[in-house]
Amino acid sequence: MRKVLAIVIFVMLLITMPAFAKEIELTGAGATFPYPFYSKLFSIYSQKMGIKINYQAIGSGGGIRQLLNKTVDFGATDAPMSDKELKEAGSPIAHIPTCLGAIVITYNLPGNPKLKLTGEILADIFLGKIGKWNDPRIKEINPDIKLPNMNITVIHRSDGSGSTFILSKFLSKVSGEWKKKVGVGKALRWPTGLGGKGNPGVAGLIRQIPGSLGYVELVYALQSKMPFASIKNASGKFIEPSIESVSASAQTDIPADTRVDLTDTKAPDGYPLSSFTWIIVYKEQKYNDRTKERAEELVKLLWWIIHDGQKHAPELSYSPLPESAIKVAESVIKSITYEGNPILK
């Protein structure tokens, strides 16, 4: 009887061992901006495909660093890697756009009226040159709103973030003074204002300080029911941030590496503070102790995100990729290799 039991146990182990051997957990880290979207996608994908995905929302800069250190399968960033960062990688990096989002300008005013603002006015507010809400330039484009004689307190991110990169990219396009004095970056030397960590930190300070103005992600503003301004785009239209206007911003030429800047594009109905968010991976997946099977699972996940995963974007107030971006993203994923051979046939 014991021999029969031992044989049964042995056979069961033989049957189950391949299943355990195939269990793979993919790891990623980076941008906080798309975290709600990724959290839902990875949960759905895990249930459907049986592949665990562990994603840590530590910020775009952290995601890039962890990928360069080869401690994760993929990084995530709201700002495409710079030429310097790509050089540090040692081998080519693939950028796969996963959805679109936007940065909104939010504020704390009596009644929280629906404001219009231009890039030039915003630049001067963030430079500390416009310090009152009833400044003539703000009143001129908001004639129907009674603006108070209140000080403007600038609230900005204290941590490095893709949100800051997007805002500073836009301001550098519309203001030569901003470009010269402050420039573009995930972390900046701010001329004025108070710093808050992450969207919650910025939002918390804005709620506490009457007359304050700052920037948060569209998804966060919608979820928190915060007011936000319509911003004048390159076509001269004041555009309210929405799923539709953010998608419209991507109706432009997208380069083969997808590292495109969507701030203030010439799209007539595009919201000017929009951006792709990207997952980044090494194009050659044979490094360290990575197996081909692991690389294949990563590529399958990326393909699913840019196709089936897109239907979940609007549910969470993100904008899905336009067809033109999906086609370029497909080409990027098809360029990912293992020992020089394309993984996706």
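Biologist: How many salt bridges does the rule count here?

Modeller: Start with the general idea. Side chains of opposite charge can pair when their charged atoms come close. In this predicted model, the count comes to 15 salt bridges.

Biologist: Show me one. Which residue forms a salt bridge with Asp83?

Modeller: Arg259 does. The closest N and O atoms of the two are 3.1 Å apart.

Biologist: What does the Asp83 and Arg259 pair tie together?

Modeller: Look at where each partner lies. Asp83 is in helix α4, residues 83–89. Arg259 is in the loop between α11 (243–249) and β11. The pair therefore ties together parts that are 176 residues apart in sequence.

Biologist: How accessible are Asp83 and Arg259?

Modeller: Asp83 has 57% relative accessibility, so Asp83 counts as exposed. Arg259 has 26%, so Arg259 counts as partly exposed.

Biologist: How should I read a salt bridge inside a helix?

Modeller: Think of the turn. An α-helix has 3.6 residues a turn, so residues three or four places apart point the same way. Now take Glu177 and Lys181. Both lie in helix α8, residues 176–181. They are four residues apart, about one turn of the helix.

Biologist: Are Glu177 and Lys181 exposed or partly exposed?

Modeller: Glu177 is partly exposed at 26% relative accessibility. Lys181 is exposed at 58%.

Biologist: Which residues do salt bridges with shared partners join into one network?

Modeller: Asp124, Lys129, Arg137, Glu177 and Lys181.

Biologist: Then tell me about Thr164. Is Thr164 buried or exposed?

Modeller: Buried, because the relative accessible area of Thr164 is 1%. Thr164 is found in helix α7, residues 162–174. Leave out residues up to four places away in sequence, and Thr164 touches Arg157, Gly185, Lys186, Leu188, Trp190 and Tyr215. With Tyr215 there is also a polar contact: the two side chains are joined at 2.7 Å.

Biologist: How do I read a strand?

Modeller: Check its sides, then its partners. Strand β3 covers residues 74–77. Phe74 and Ala76 point one way, while Gly75 and Thr77 point the other way. All four residues are buried.

Biologist: In which sense does β3 pair with β1, and in which with β11?

Modeller: With strand β1 (residues 25–30), β3 pairs in the parallel sense over three bridges. With strand β11 (residues 274–282), the sense is antiparallel, over three bridges. Follow Gly75 across. Ala29 stands opposite Gly75, and in β11 the bridge partner of Gly75 is Ile280.

Biologist: How far does helix α12 reach from its first C-alpha to its last?

Modeller: It reaches 22 Å. Helix α12 has 15 residues, 292–306, and the span is close to the 21 Å expected at 1.5 Å a residue. Its buried residues include Leu298, Leu301, Leu302 and Ile305. Glu297 and Trp304 are also among them.

Biologist: What is the mean pLDDT of the chain?

Modeller: The mean is 91, and 94% of the residues reach 70 or more. Over residues 4–21, though, the pLDDT is below 50. Beyond near neighbours in sequence, that stretch has zero contacts in the model. Where pLDDT is low, the predicted coordinates should not be read in detail.

Notes: Residues numbered from 1 in each chain as written. Predicted model: local features only at pLDDT ≥ 70, side-chain atom pairs only at ≥ 80, totals over all residues. Heavy atoms only, no water. Helix = DSSP H or I, 4+ residues; strand = E, 2+ residues; numbered from the N terminus. Buried < 20%, exposed > 50% of the residue type's maximum accessible area, 1.4 Å probe, protein only. Polar contact = N/O pair within 3.5 Å; in protein donor to acceptor, adjacent residues only side chain to side chain. Contact = heavy atoms within 4.5 Å. pLDDT = per-residue confidence, 0-100. Pairing = 2+ DSSP bridges. Salt bridge = Lys/Arg side-chain N within 4 Å of Asp/Glu carboxyl O. Expected span 1.5 Å × (residues − 1).
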